[in-house]
Amino acid sequence: MVLVGVAVGGALALVAVLIPWLPSADSSEAHKVDDVYWFVTIICMAIFALVAGVSVYAIWKFRAAPDDEEDGSPIHGHTGLEVVWTAVPAALVTAISIYSGVVLVQVERIPAEHRVIEVTAQQFAWSFTYPEAKVTSGQLALPINQPVELKLTAKDVIHSFWVPEWRMKKDAVPGIETDVIVTPTKLGTFTVICTELCGLGHAAMRAQALVLTQAGFERWLNKEKEAAAAAGSAQGKTLFTQQCGTCHTLADAGTTAEVGPDLDKVLAGKNADFIRKSIVDPNAEIAPGFQPSVMPGNFGESLSQQQLDSLVEYLLDTAGKG
Ligand code: CUA
């Protein structure tokens with residue numbers, strides 16, 4: 001019977017270990033985390049097998065015979081056994097905490113050479129800012145085999161960053177900055193998942209994480225930069241048509257009004273500072289043949305900083321080039 005028990009236990013343990021329960025481990029941190037996981041799991045399996053085996057054996061061996069109405073024999077415990085079943089779990093739990101602590105320190109150590117990406121969570125989306133390139137994207141892109149520090153924060157409530165294949169996971173909390181260190185080791189597309197219940201859209205709060213080659217990463221960054229510039233320019237053109245086109249001529253926007261100066265003429269060859277000043281403080285310099293105080297002087301307040309930037313950028317790119 002003991003042999004049958006050992007055989008069944010062994011077979012089940014093999015099944016448990018051979019089934020791929022975990023997602024593939026695709027960062028250098030993932031293997032360390034998995035080692036802790038299996039260390040704990042194997043200890044649990046051994047303890048469970050021992051306890052279940054002794055229980056089943058005791059139930060079978062010491063069961064009452066039919067018609068046995070006697071009281072059980074009076075037992076006052078066993079000091080030796082109690083010492084063992086207190087000392088062994090204490091030693092195991094201590095070993096688990098020491099091992100986990102060592103791995104935690106290893107996977108959270110910030111390497112000297114690393115890239116920084118700022119991660120912002122809000123209901124219900126992730127955004128990723130690449131400070132060196134001054135680009136913000138809805139996608140997380142990383143070059144393979146390079147350590148990255150993800151600086152997490154949140155705008156509204158607590159969210160939690162997790163990419164299962166990288167194993168690394170951490171809360172994004174409003175008002176503070178937390179960080180995740182990760183070194184992806186496999187190319188491909190992964191999923192960033194929010195793992196903190198953050199509202200109605202929580203389950204849909206996902207983003208793509210792309211692990212690219214170094215060259216692919218640089219191409220991706222450039223593409224994002226161009227897309228951001230194109231979006232800014234489109235916004236600048238729309239703003240111009242709405243806010244400026246009724247008074248000014250600009251070939252690129254197709255406006256022909258003559259209340260104010262023809263911008264293709266007065267802005268040709270001018271720099272961004274001049275254009276910005278002309279928008280927020282129009283009386284500072286009046287083009288020959290025009291009167292001061294015709295143009296409203298409050299664009300500095302009515303436009304947001306970001307709108308003003310895109311307008312200046314647009315005029316810088318188009319005025320005099322139509
Ligand atoms: Cu954000 Cu759940």
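The accessible surface of the protein chain comes to about 19,600 Å², and 62% of that area belongs to carbon and sulfur atoms. Accessible areas come from the Shrake-Rupley method with a 1.4 Å probe; for residues, only the protein chains shown count as cover. This is a predicted model, in which local features need pLDDT of at least 70 and side-chain atom pairs count only at pLDDT 80 or more, while totals for chains, interfaces and linings use all residues. Residues are numbered from 1 along each chain as its sequence is written, and side-chain values use heavy atoms, with hydrogens and water left out.

**Overall dimensions**

The protein chain has eight helices and twelve strands. Helices (H or I, at least four residues) and strands (E, at least two) are DSSP runs, numbered from the N terminus. The radius of gyration of the protein chain is 33 Å, well over the 20 Å that the globule rule gives for 322 residues, so the chain is more spread out than a compact globule. That radius is taken over C-alpha atoms, and the globule rule is 2.2 Å times the number of residues to the power 0.38. Along the principal axes, the C-alpha atoms fill a box of roughly 120 × 40 × 35 Å.

Of the 322 residues, 30% count as buried; buried means under 20% relative accessible area, exposed over 50%, and partly exposed in between (1.4 Å probe, protein chains only). Among contacts (heavy atoms within 4.5 Å) with a separation of 6 or more, 64% join residues 24 or more positions apart.

**Strand pairing**

Two strands pair if DSSP finds at least two bridges between them.

| Strands | Sense | Bridges | Opposite residues |
|---|---|---|---|
| S1 (residues 115-122) and S2 (residues 125-130) | antiparallel | five | Glu118 and Thr129 |
| S4 and S10 (residues 206-212) | parallel | four | Leu140 and Ala209 |

S1 and S2 form a hairpin with two residues between them. The hairpin of S2 and S3 has four residues between the strands, and there Lys134 takes a positive phi near 55°.

A five-stranded open sheet has the order S4-S10-S9-S6-S7 and mixed pairing. Its edge strands, each pairing on one side only, are S4 (140-143) and S7 (169-172). Neighbouring strands of this sheet are turned by 25° against each other on average, direction ignored; the axes are lines fitted to C-alpha atoms, for helices over the stretch in contact, and angles run from 0 to 180 degrees between N-to-C directions.

**Nonpolar cores**

A nonpolar core is a set of buried Ala, Val, Leu, Ile, Met, Phe, Trp, Tyr and Cys residues joined through side-chain atoms within 4.5 Å. The largest one has 38 residues, and those with the most contacts inside it are Trp126, Phe128, Tyr130, Leu140, Leu150, Phe161 and Trp166. S10 supplies the largest share of this core, five residues. Not counting residues up to four places away in sequence, Leu150 touches Ile117, Val119, Leu140, Phe161, Thr178, Asp179, Val180 and Val182. A second, separate core of 17 residues includes Leu239, Ile279, Leu303 and Tyr314.

**Gly138**

Gly138 lies in the loop between S3 and S4. Its relative accessible area is 46%, which makes Gly138 partly exposed. Leaving out residues up to four places away in sequence, Gly138 touches Trp126, Phe128 and Ala207. Gly138 and Val119 are 19 residues apart in sequence and 9.8 Å apart in space, C-alpha to C-alpha.
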